Amino acid sequence: MKSKTLKIVLALFALNSISLYLYFCSHPDHRRQPSTPSASAYSHPQHPLSVKPWPILPSYLPWSPNPHTKFRSCEAFFGNGFTHRVDPLLPAPEPHRKIIPGRGGAGGWFRCHYSETLRSSVCEGGRIRMIPDKIDMSHGGEKLESVIGRGETEELPNFEDGAFQIEVSDRSKKGKRMVDEGFLNKFVEEGAIEKHTMQGLIRSIRLVDADEFVCSKWIEEPAVLVTRFEYANMFHTVTDWYSAYVASRVTGLPIRPHLVFVDGHCEAPLEETWTALFSSLTYAKNFTGPVCFRHAVLAPLGYETALFKGLGQTVDCHGASAHDLWQNPDDHKTARLSEFGEMIRAAFGFPVDRHHIPKSDSGHNILFVRREDYLAHPRHGGKVQSRLSNEQEVFDSINSWASNHSECRLNVVNGLFAHMPMKEQVRAIQDASVIVGAHGAGLTHIVSASPKTVILEIVSSEYRRPHFLLIAKWKGLEYHPIYLSGSHAEPPRVIGELSNILKGFGC
């Protein structure tokens, strides 16, 4: 066993070394660093911001682009299907780069990686300047209580021309747009999205020469720029987490990037996971002046991920182990959601052993995910619509039944997630043998569940939506629904389903 573990660690180390080599070879601005100290107008930090390494994940598979990835395959949906590369702005050839003494100017670059399957792009660029004063939106990051009643339109960005700029050596390009509408409509298409903020961001990019490219702050390490929609909803936030993670992997980032929210939403509890996943978190409007990125990555909107698109189209994929897929690739199977779930657990310092299951001497945890009233965002009244009208009765019945179970020790966990730190929510999910709950965004946490966890969803007649059936399928989790004729569940029926599930655990 020790020998096998050592081989896995060495293999992952080798993959990481190769990815570092490929990253620095493929990103031109990292090949030439300033050879002289920075001028006062070009404020390069003397000490890099603290960055986090990628953790070792048992379900990790290489993200290097494969031109043979099939259209609408599972890898195209959930992994690196971003195989069509376009370069609207190439870096200047070495002999023509304008190096300003004390500034190290070298000219910027920009490229997009397009997915035919998802019809979206992961875009990235170098030597990009963001001017917060040219982004019209609220400041962002405020305490919720201080912005009650603020409209959502105030929180979403509107970009003035030149809100983002890229340095170029060719003065003939000065002041020009980087891309035209034809490029945007083809590679960053709006689709059914009413306000495509990443399209607006790229539309705002103007080209400037080195004399104008003056920054109050430089971010030397890679940064991912994200705009969130429905930021207080767990399901939609998971789509944003996944998009930022995929964008980081597709662009081959050697460390976990910094994160910049290009939106003006107020502070929310879900930020705890954003902070755990990435190296740092800053709201765009929190920068006090123009900020320059050595390497910036634009994450697709959460609406453009397979997690969201799969609700309206067929994504015929089933979860499988990375080990099995490494030996026997299958276009209809994926380990990407398992990899992502392990990433969330590792970010909080939890174990990511593929076979992690609570120890038998501590019994089996039955996690009941509850729906509670809480104030979610400035436009929310604080009341959550019930999906299970007798939820407390069902919970109490399960608790009573479990305390008298003779075959196994059963621990019923009261999943009051609205009032638990995110780290404790993830802990409860990973330690659960069975996760029970009425249809609701909190069940999206099953992306972090252990491989042998079983899902029991109580589905009212009004909310027969496939979110958690699909996530369970894409992760390879056993899933059982209880379909109700209304919103009332008979406790004996729920307990009967639980009894059948526990037989699979030898209880």
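Contact here means heavy atoms within 4.5 Å. The model is predicted, so to speak of local features takes a pLDDT of at least 70, side-chain atom pairs count only at pLDDT 80 or more, and totals for chains, interfaces and linings use all residues. Residues are numbered from 1 along each chain as its sequence is written, and side-chain values use heavy atoms, with hydrogens and water left out.

Take serine 115 to begin with. Leaving aside neighbours within four places in sequence, serine 115 is in contact with Ala76, Gly81, Phe82 and Ser120. This serine sits in strand 2 (residues 109-115); strands are DSSP runs of E of at least two residues and helices are runs of H or I of at least four, numbered from the N terminus. Serine 115 is buried, at 0% relative accessible area, where buried means under 20%, exposed over 50% and partly exposed in between (1.4 Å probe, protein chains only). The side chain of serine 115 also reaches the backbone nitrogen of leucine 118 at 3.0 Å.

Cysteine 112 pairs with cysteine 123, sulfur to sulfur 2.0 Å, in a right-handed link with 105 degrees about the S-S bond. The pair joins strand 2 to strand 3 (residues 120-130), 11 residues apart. Cysteine 112 is buried at 0%, and cysteine 123 counts as buried at 2%.

The sulfur atoms of cysteine 215 and cysteine 292 are 1.6 Å apart, and this link is left-handed, at -60 degrees. Cysteine 408 is joined to cysteine 507 (S to S 2.0 Å), again with a left-handed link, at -95 degrees.

As for helix packing, the axes of helix 6 (residues 234-250) and helix 10 (residues 336-347) come within 11 Å and cross at roughly 100 degrees. Axes are lines fitted to C-alpha atoms, for helices over the stretch in contact, with angles from 0 to 180 degrees between N-to-C directions. Helix 6 is therefore roughly perpendicular to helix 10, a label that covers 65 to 115 degrees. Among the residues making the contact are Trp241 and Tyr245 of helix 6 and Phe340 and Met343 of helix 10.

Conventions:
A polar contact is a pair of N or O atoms within 3.5 Å; within protein, one must be able to donate a hydrogen and the other to accept it, and residues adjacent in sequence count only if both atoms are side-chain atoms. Angles under 35 degrees count as roughly parallel, over 145 as roughly antiparallel, 65 to 115 as roughly perpendicular and the rest as oblique. A disulfide is a pair of cysteine sulfur atoms within 2.5 Å.
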